[in-house]
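Visitor: Hi, I'm new to this one and would like a slow walk through it. Could you start with any term I'll need?

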Amino acid sequence: MGKIVISENVSLDGVVQDPTGEEGFRLGGWFGQIGERDREAWAQVEFAEALGAEALLLGRRSYEWFAARWPSRSGEWADRLNSLPKYVVSSTLEDLDWNNSTVLKGDVVNEVSKLKQGVNGEIVVYASGQLVHSLLEHDLVDELRLMIFPCVLGAGERLFGEVSDKKRMRLVDTQTVGDGLALLTYQPVRGA
């Protein structure tokens with residue numbers, strides 16, 4: 001059975017909006033403000049995560065962002081991401097150009113539940129804020145990996161939106177990444 005792993009870059013105050021500064025958000029670009037040592041350590045963690053994944057699960061906008069960048073890249077990390085099966089939750093996409101990509105249409109909860117049954121291992125979700133909210137709301141998340149960036153933005157889209165009920169989490173790992181990043185890993189407390 002598959003394990004849904006949410007892997008997010010977030011500011012200290014939980015903002016996930018426009019980390020690269022390409023969306024025009026006035027506070028965007030916070031990802032690029034870390035030092036070289038942090039960037040290299042971050043890349044090592046992300047590459048290891050990709051090696052441990054059996055599939056990627058993405059929302060439409062995140063899929064389009066990744067698909068516009070990764071197919072033309074080379075190296076082990078690019079080879080890994082390009083070869084992984086990719087599942088995209090979308091009601092509008094038809095043809096997917098990035099190899100090994102499949103559209104999941106219909107009810108998100110049913111489609112992701114079926115995906116979990118069909119994949120043996122980690123199904124990693126990058127970015128995809130709207131999808132993450134839905135997965136959390138319906139208790140489909142098995143693990144949260146939050147790479148915390150040392151900045152407070154005070155505004156912007158947050159990783160955690162409104163939920164219908166409290167979602168208890170248990171901290172299962174902490175790791176310092178480079179000089180200024182922290183990787184926090186949580187698992188849901190089921191039945192709480």
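Guide: Let me begin with burial: a residue is buried when its relative accessible area is under 20%, exposed when that value is over 50%, and partly exposed in between, using a 1.4 Å probe and protein chains only. What you see is a predicted model, in which local features need pLDDT of at least 70 and side-chain atom pairs count only at pLDDT 80 or more, while totals for chains, interfaces and linings use all residues. Residues are numbered from 1 along each chain as its sequence is written, and side-chain values use heavy atoms, with hydrogens and water left out.

Visitor: Is glycine 52 buried, partly exposed or exposed, and why?

Guide: Glycine 52 counts as partly exposed because its relative accessibility is 37%. Glycine 52 belongs to helix 1, residues 36-52, where helices (H or I, at least four residues) and strands (E, at least two) are DSSP runs numbered from the N terminus.

Visitor: And what about alanine 43, buried or exposed or partly exposed?

Guide: Alanine 43, which also lies in helix 1, has 23% relative accessibility and so counts as partly exposed. Its C-alpha atom is separated by 9.1 Å from that of tryptophan 77, 34 residues apart along the chain.

Visitor: Stepping back, how many helices and strands are there?

Guide: The protein chain has five helices and eight strands, and along the sequence they follow the pattern β-α-β-α-α-β-β-α-β-α-β-β-β. The radius of gyration, taken over C-alpha atoms, is 16 Å, close to the 16 Å that the globule rule (2.2 Å times the number of residues to the power 0.38) gives for 192 residues, so the chain is as compact as a globular protein of that length. The C-alpha trace spans about 45 × 40 × 30 Å along its principal axes.

Visitor: How much of the chain is buried?

Guide: Of the 192 residues, 45% count as buried. As for contacts, meaning heavy atoms within 4.5 Å, 71% of those between residues at least 6 apart in sequence join residues at least 24 apart.

Visitor: Which strands does strand 1 pair with?

Guide: Two strands pair if DSSP finds at least two bridges between them. Strand 1 pairs in the parallel sense with strand 5 (residues 121-126) over six bridges, and lysine 3 stands opposite glutamate 122 there. Strand 1 also pairs in the parallel sense with strand 6 (residues 143-149), over seven bridges, with serine 7 opposite arginine 145. Strand 1 itself, residues 2-11, is mostly covered, since nine of its 10 residues are buried.

Visitor: Which way do strand 7 and strand 8 run?

Guide: Strand 7 (residues 169-177) and strand 8 (residues 181-188) run antiparallel and are joined by eight bridges. Their hairpin has three residues between the strands, and glycine 178 takes a positive phi near 65 degrees in it.

Visitor: New topic: where is lysine 86, and what does it touch?

Guide: Lysine 86 is in strand 3, residues 86-89. Not counting residues up to four places away in sequence, lysine 86 touches several residues, including Leu56, Trp98 and Asn100.
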